[in-house]
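Welcome! Let us walk through this structure together, one stop at a time.

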Amino acid sequence: PDVIDGKTFTTTVVDLNPWVEYEFRVVASNKIGGGEPSLPSEKVRTEEAVPEIPPSEVSGGGGSRSELVITWDPVPEELQNGEGFGYVVAFRPFGTTTWIQTVVTSPDTPRYVFRNESILPFSPYEVKVGVYNNKGEGPFSSVTTVFSAEEEPSIAPSGVSATSLSSSVIEVSWTAIPWKMSSGRLLGYEVSSF
């Protein structure tokens, strides 16, 4: 609060965070300046409130076959606003209207993995993560797109041939494997000698 009149012995402190412990000191002042601060008060916790801040950095991807991996940065304890804090993870295949929701009860958890054999490889999903505590549900993050796990190549390149170019160089060539973008991103080939 602003400086308080010398004849006033109470004040109201505003704009504090919910469900946070505070302690207070008082300093007497006059025209010359401020004196020594008082000893701190006992710790006082503000009341609980519905959480107001959703997790940040919602993204995901990767994982194993038939998985959708969703990640986020956990909400710090001082912004959880009360006991019983957790996350509501919502996702749906891109282009559909019905959200699938699940609850993650640990406030420190940074990820959720949905496993289902019906998940097609490298499929886009709309994802959002919300928050809740004992006082109720808070907001969701903005919607982001996350791809399900990619599928590993199931066939090997064909037509492999090698031609000697010098005493220390051999050129290796092959026919590219047929690859669908729906299976993932083909990052490259690995050539090994034995």
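**A walk through the chain**

Arg45 is partly exposed, with a relative accessibility of 39%. Keep in mind that this is a predicted model. The partner of Arg45 is Glu21, and their side chains form a salt bridge with 3.9 Å from N to O. Glu21 sits in strand 1 (residues 21–22) and Arg45 in strand 4 (residues 44–45), so this pair ties together parts that are 24 residues apart in sequence. Glu21, at 44% relative accessibility, is partly exposed too.

Opposite charges on side chains can pair when the charged atoms come close. The count of salt bridges here is four. Another one of them joins Arg65 and Glu151, whose closest N and O atoms are 3.3 Å apart. Arg65 belongs to the loop between strand 5 (56–60) and strand 6 (67–73), while Glu151 belongs to the loop between strand 12 (144–147) and strand 13, 86 residues apart.

Now look at Arg115 and Glu67, which meet in a salt bridge at 2.9 Å, N to O. Arg115 lies in strand 9 (residues 111–115) and Glu67 in strand 6, 48 residues apart. Arg115 is exposed at 58% relative accessible area, whereas Glu67 is buried at 10%.

Further along, strand 13 (residues 158–164) pairs with strand 14 (residues 170–175) in the antiparallel sense, over five bridges. A hairpin of five residues joins strand 13 to strand 14, and Ser161 stands opposite Ser173.

Finally, step back to the whole chain. The domain assignment gives domain 1 (56–147) and domain 2 (152–193), with 38 Å between their centres, taken over C-alpha atoms.

Notes
Residues are numbered from 1 along each chain as its sequence is written. This is a predicted model: local features need pLDDT of at least 70, side-chain atom pairs count only at pLDDT 80 or more; totals for chains, interfaces and linings use all residues. Side-chain values use heavy atoms; hydrogens and water are left out. Two strands pair if DSSP finds at least two bridges between them. Helices (H or I, at least four residues) and strands (E, at least two) are DSSP runs, numbered from the N terminus. Domain bounds come from an automatic or database domain assignment. Buried means under 20% relative accessible area, exposed over 50%, partly exposed in between (1.4 Å probe, protein chains only).
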